[in-house]
Amino acid sequence: MQKITREQLLDRAVALLSDGTVNSVLGWQKGEFDYDVTPHIFKSADELKEGFVWNDFCYANFSKYLVLKTDRIEGKLLVFLKPCDTYSFNQLLTEHRFDREKVYAIGVGCEGMVDVNKLKAAVDGISSIEATEEGLKVTTIYDDEPTVVAIENVLLERCVNCKSKKHVAYDELMGEEGEIIDSARFDEVAALEAMTADERFAFWQNELSKCIRCNACRDACPACTCENCVFNNPNSGVETKAPVTSFEEQMFHIIRAYHVAGRCTDCGECSRVCPQNIPLHLLNRKFIKDINECYGDYQAGEEVGMRAPLVDYTLEDLEPGEVLNRRGEDA
Amino acid sequence: MRKCSLEKINLVFAEIAKAYTLYLPTDQNDSSAKFTKWEEGSVWSNALNTVRSPKDFFFPQAEDLMEFKVEGKNIDITDIRQESEDFVIFGVRACDVKSFEILDRVFLVDPVDSFYASRREHGIIVSLACTKPSETCFCTTFGIDCTEPAGDVSIWKTETELYWQANTEKGEKLLSYVDSLTEDANTKAVDEQKEKTSVVMKKLPLANLTTDGFGAGKTMELFNNEAWDELSQTCLGCGTCTFVCPTCQCYDIKDFDTGNGVIRYRCWDSCMYSEFTKMAHGNNRLTQKERFRQRFMHKLVYYPENNDGLYSCVGCGRCLAKCPISMNIAKVMKKIGGEK
Amino acid sequence: MQVKEYKPLIVAFCCNWCSYAGADLAGNNRLNYPADVKIIRVPCSCRVNPMFILRAFQRGADGVILCGCHPGDCHYTSGNYYTRRRMAMLFSMLDYLGIERERTRVEWVSAAEGAKFAATMNEFVEAVSALGENKRLEDLRCKR
Amino acid sequence: MNKKDLLREEIIRRSGVNPKKCMKCGKCSGTCPAYEEMEFHPHQFASMIDSGDIEPLIASESVYKCLSCFACVERCPRGVEPAKLIEAVRLSVIREKGANRMTANDVPAMVDEETPQQLLVSAFRKYTK
Amino acid sequence: MQRIGVFVCWCGSNIAGTVDVKAVAEALKSEPGVVYSTDYQYMCSQAGQDLIVQAVKDNNLTGLVICSCSPRMHEATFRKTAATAGLNPYMVEIANIREQCSWVHKEMPIGTEKAIILGKAAVAKVNLNTPLTPGESPVTKRALVIGGGIAGIQTALDIADAGFPVDIVETKPTIGGKMAQLDKTFPTLDCAACILTPKMVDVAQHEKIRIFSYSEVAEVKGFVGNFDVTIKKKARFVDETKCTGCGDCVDKCPMKKNPNEFNMGMDNRPAIYIPFAQAVPKVATIDAGACTMLKKGKCGLCSKVCGAGAIDYTQKDEFISEKYGAIVVATGFNVISMDKFDEYAYNQSKDVITSLEFERLTNAAGPTAGKLLRPSDGKHPHKIVFVQCVGSRCENCAEKGKEYCSKICCMYTAKHAMLTRDKYPDTDVTVFYIDVRTPGKNFDEFYRRAVEEFGVKYVKGMVGKIVPEGEVLKVQASDLINNKQMHIDADLVVLAAAIEPDKSARPLATMLTASMDTNDFFTEAHPKLRPVESPTAGVFLSGACQGPKDIPETVSQAGAAASKVIGLLCKDKLLGNPCIAGSNELMCNGCSSCERVCPYGAITYLDKEFRMPDRTTKIRRVASVNPAVCQGCGACTVACPSGAMDLRGFANDQIMAEVDAICK
């Protein structure tokens, strides 16, 4: 259950709209069900009052929209940013992808967002969801007794392993300032690293073969904002539209992870949006873990203007062979 | 109508698998279901439906069409098509069965798509009536009765029994293989089950969603509707909705130069993509709004206009569940078609 | 059917200033190494895009080796330092995906190290041969 | 590894000092206040430990003559920290003998008003394991 | 579609001995684009080249593949051949079938097979080659030298003598730098002033040289051949054109107690001053922080006594913009601060001094008029201790000293010790050293003379501490050879303090996009082969800004830098390497990744208006490569995620085509 209420955010948004600080609001709009919240640009107070929501399903990371939307909009755009979103926000600013002057950012405290897939696996036929202190009280269309689902059982993976409750960018903060968390987010990567090469190959083969190349991971990723993605560009030599072979599946995911390496803030959108539930964050986190281990701790988006590790070097960097064998011959 | 005990289901599968390649939904480790090839030990999933629709069996995401080699002025073409064998898709829901009709109207009209036609000919559809529809279901909107699935064979599942009814010759033949495992039955239990299901159907959140706002004569009005702007403004332009959709049928044809020849293949395309239908002069749909509109106009307006009023959506709810930003056809229909 | 002896296919990217010259020196000194190694000349090791390496594997290469000037000796002062990071990260990722780590290598070979070039190639070809054909990172369409 | 090398490894591990970093400038011995008292001087500890000549150091009284004032550590331009090397040798002497030369019980007898606390700390460092 | 001609060279038996050249020529005939294929004994011979030219004409060839020796050998030759035949020289690719094929393989079938594959790769590449023309840019025939020490002076004179105008920018009121402060120079012991001041006068009188003294570089824009530099002339409150340097104002100024920088603060100067007698320009400067007229509006004496009417209290900082073709950095060095070396008691006793202060003490124009007297009491010291490597070779004390060897200390300490013993034989001189490093012409002989002829005591060991006690300095040190500790009661201690780059170097490097090492020394384009060029084209390095150097080395490097500058300024136009990076603006995200990896600062960003697909316009930040600065390494092409950045001559599609051809 979120500590900040919908009304608090709504009042602030309405106030900023009416005093002319901003003239549109990027927020979450209620959907058909209690969980299908859609990002939406609200243009008026009435629209906000009718459709704005803030609940445990406001998982969408708005940062990427700023690249596309800020130059299409007159005046300033109010955007709500959860702590993890602020890292993407900074990273995009570092890469000059939008104009900071066009944005008014409100940092919103976040208690973790719900993974709808997990919730649906726990309860079939959801008709309504109510956030309570005990958890989510879910009623069904089958007239069963309402079920109370503990939030911690249905959190998004990225929230289970939340890396920071601290907002690293905002014009205004609503709720308390949190801390950077020493999370266990690399445990899964370490577990994979501990496997044999054959086991790892089998694991990834199984996961990546599910890919349908819908591009949701790329299109939701705040680091993937290329004007023209290499995978869409027929002249790039790697353009593909469908995962025709297992090589192309690997190719797509390796290159995508490589292109965002050092720039990925680990916001987790790729894994969330994947319709095939491929744990794509494990690819990005591998790069982050390697970068941390080999070149010193680095969190993309922590500050604006940081030099990403792959466009940097030191004279003492490890050799590629040393990096490969730093845990022994085959681990 | 024939019936068999659910306890014997694996024997039935084994029997079918002797004669055909059998595909059925099985549970995956991420709590989703997927059509997989039946093998000894496969467990039929209880899930309402699979993430990927069974359209993949007839219209796969990628398929090679031919191979050719150019040397000087000679082009050497090889037909690499492999004759398909008869196969059975077991447990297809009513909505998905309907989707084949929609695809047929695209691929089987002149000029017939021989790749698709061949697969359709060899495929046998065993449909399954729904007992526990989900909140994202809205098949009734398109006149589909989930308790009366079509297909070569229709089956109904009760607590203990499976009821079988062959609808076509292909279906009769299939049933004949499992004759010894089934017995004649009356429709009583099935009717009761249908009754129960229809009670749930009436309570579905989208039960009142209608197509009234769409239909002949409204093309321009709908096309110019102002709400498209707002609906499409946060669309990411990924192709998730089109790729999980059982009725989306757009594809691209591409060449892959292996170095020793060229493979011409086709693969799914998505009208959500900026390069979709890109031509020499450029793109004809320039913004995400136009691309977004195209998808829904096609499903709800253009397709029905060309196909005797048949909508090209079956209300399976996959896009509702999978859209990264939870924008979907139900929201579009309410906004554009006017809420009832 | 005649059983063909397995010959690995090795693509070597060599920077123009050091390693390519080192390979030339190996030639001048008539130092043998297997003909399985095919060299592609690039201005600097930092020109090598990970996509080139994946492309080589896709097309059936069994091993890819990247040679550049020794760190500190780059003709462009810093190119090989970037290469070092890029390749360390790429190879680590390939390893993570279960691709045999012996199939990729970075080696610093100066223009004076003809002997090292030949020795490196002999050693690399041997290591890749021991692994056999690259099955994990190939595009089956290219093997038809 | 022979005994000599083992001892050398042990001293280096225990001290955390790399004697190879020594550039033999002699600033440690130049700064040492106990120089005249010591048979072997701070710079010799660095070079003798590096070459494995540790037996003479163990046998020498020098390890107890070092005041542990750490002036050499402070002044060394290469970060070699000779006092830590001396302490490591001293510890191996005391540990080999298996007994502390000073116990906490001895302290009250030694304390008078004038004794600086630092001296006691130094003494403990020097005479116990 | 290209029309490619393939030319397979036998190289006598060098290639033909292991490669069946006829088979290679035959095999490549059927490759896409190939319309002509042949072989010849020596392709590089005149007859071979004629054959190529003829084939181009006969077959209307558009691209050439030469299967021959290494491109490092004959690429230039065959490019010229192509040009002769009327083709663009960059439409030629070489398949290296000698060094990398016939010479390293023994069996004919294997060599032939590989040669064919290498040939196919070259054909695949040429199919994608495009004609390239080197970019041209004009050269402004004027050089800027930043720093007016011996390095800057020598560079400026050499350039000016070649006929090119040169401007020198010097932050101090006079040029001359550190050398002007020195007394004698090792190892010949000639007087620094005697050899430097004539050069300073040469500079002042040279019609091609302008001196901007008391000035700084404020801004640098542009690139090689075309730098736009803004120079800030600090207000000196004296009109340089009027001041005659008579010194009347200096004598009359009442504010006499200001530390004299030129004498290392060991005596005082007035608020209006001329640093030293031979200053160039010999013009007075008012120290605004010390002048009561400027601070409080009272006094004005100098103005009254100035016969030339040169004093102008209203003078303001002035900004001058000038165009240059080349920039030479000669910012020099400083002695590091001794504040943190408590053990040497530098801050506790006036009698502990640095070597540069010692120079002034022994200089006839110094505070003691050349007599060696203790700063504390003016007495003659009888026991002097010299300490070497103070703050040099200091690994763990980055906040105190420097990790590197300062290089010049061994020699100047020997010089000081020798001169002291020579002039004052009653003085006991001890030098404490870690190593004595004297590589240089007549250097070691000089040091040995100090020991053997002049009786300087060299002790291998280091001073551990110095304690001032009454009139003496208690020096405690080790003598490692004799294995004893030494205690000396010295009258004077001289510290050979480490040197470091001038503080102005770092901001200057940023302006010039020239790279620096961690110690703030400028890095050279290549440590061995291009030691006087910075990696940034058009920026050259002279003197100690690149690393510690003595005078002879500085002067030779200054000359080398000048010759590089002259070589550049001689040209009317700069022809670039056409194999450079280029950004496809439609695909560029403006993310700055390429800019960050570019070692030459060749990439800048423009805000450009683009027509969007929906017919609106949008202003986007896009990368732009300066063709005159880019050297074509390709680092940017990989840093670019969208593939907008590509390298001409080694383009993505070309390299991938080679990969494909090899893996076929």
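How many residues of domain 1 of chain B are in contact with domain 2 of chain B, and how many of domain 2 take part in return? In this predicted model, 31 residues of domain 1 of chain B meet 26 residues of domain 2 of chain B. The two parts span residues 2-203 for domain 1 and 219-337 for domain 2. Taken over C-alpha atoms, the centres of these two domains of chain B are separated by 25 Å. On the domain 1 side of this contact, strand 4 (62-71) and helix 2 (94-107) of chain B each contribute at least two residues.

From the inside of one chain, we can turn to the contacts between chains. Seven pairs of chains are in contact, and among these the pair of chains C and E shares the most contacts. Chain E brings 39 residues to this meeting, and chain C brings 35 residues. Where on chain E do these residues lie? Helix 4 (71-84), helix 5 (98-102), helix 6 (108-126), helix 18 (635-639) and helix 19 (652-663) of chain E are the elements that give two or more residues to the side touching chain C. Helix 19 of chain E gives the most, with eight residues. By class, the side of chain E that touches chain C is made up of 21 nonpolar, 11 polar and seven charged residues.

Other pairs of chains stay apart. Chain A and chain D do not touch, and their nearest C-alpha atoms lie 18 Å from each other. Chain D does not touch chain C either, with 23 Å between the nearest C-alpha atoms of the two.

Four strands of chain C form an open sheet in the order 2-1-3-4, with parallel pairing. Its edges are strand 2 (37-42) and strand 4 (104-108) of chain C, each of which pairs on one side only. On average, and with direction ignored, neighbouring strands of this sheet are turned by 20° against each other. At one end of the strand order, strand 3 (residues 63-68) of chain C pairs with strand 4 of chain C in the parallel sense over five bridges. A handy residue to look for here is C:Ile65, which stands opposite C:Arg105 in strand 4 of chain C.

Key. Residues numbered from 1 in each chain as written. Chains lettered and ligands numbered in written order. Predicted model: local features only at pLDDT ≥ 70, side-chain atom pairs only at ≥ 80, totals over all residues. Pairing = 2+ DSSP bridges. Axes fitted to C-alpha atoms, helices over the stretch in contact; angles between N-to-C directions. Nonpolar A, V, L, I, M, F, W, Y, C, P; charged D, E, K, R; others polar. Domains from an automatic or database assignment.
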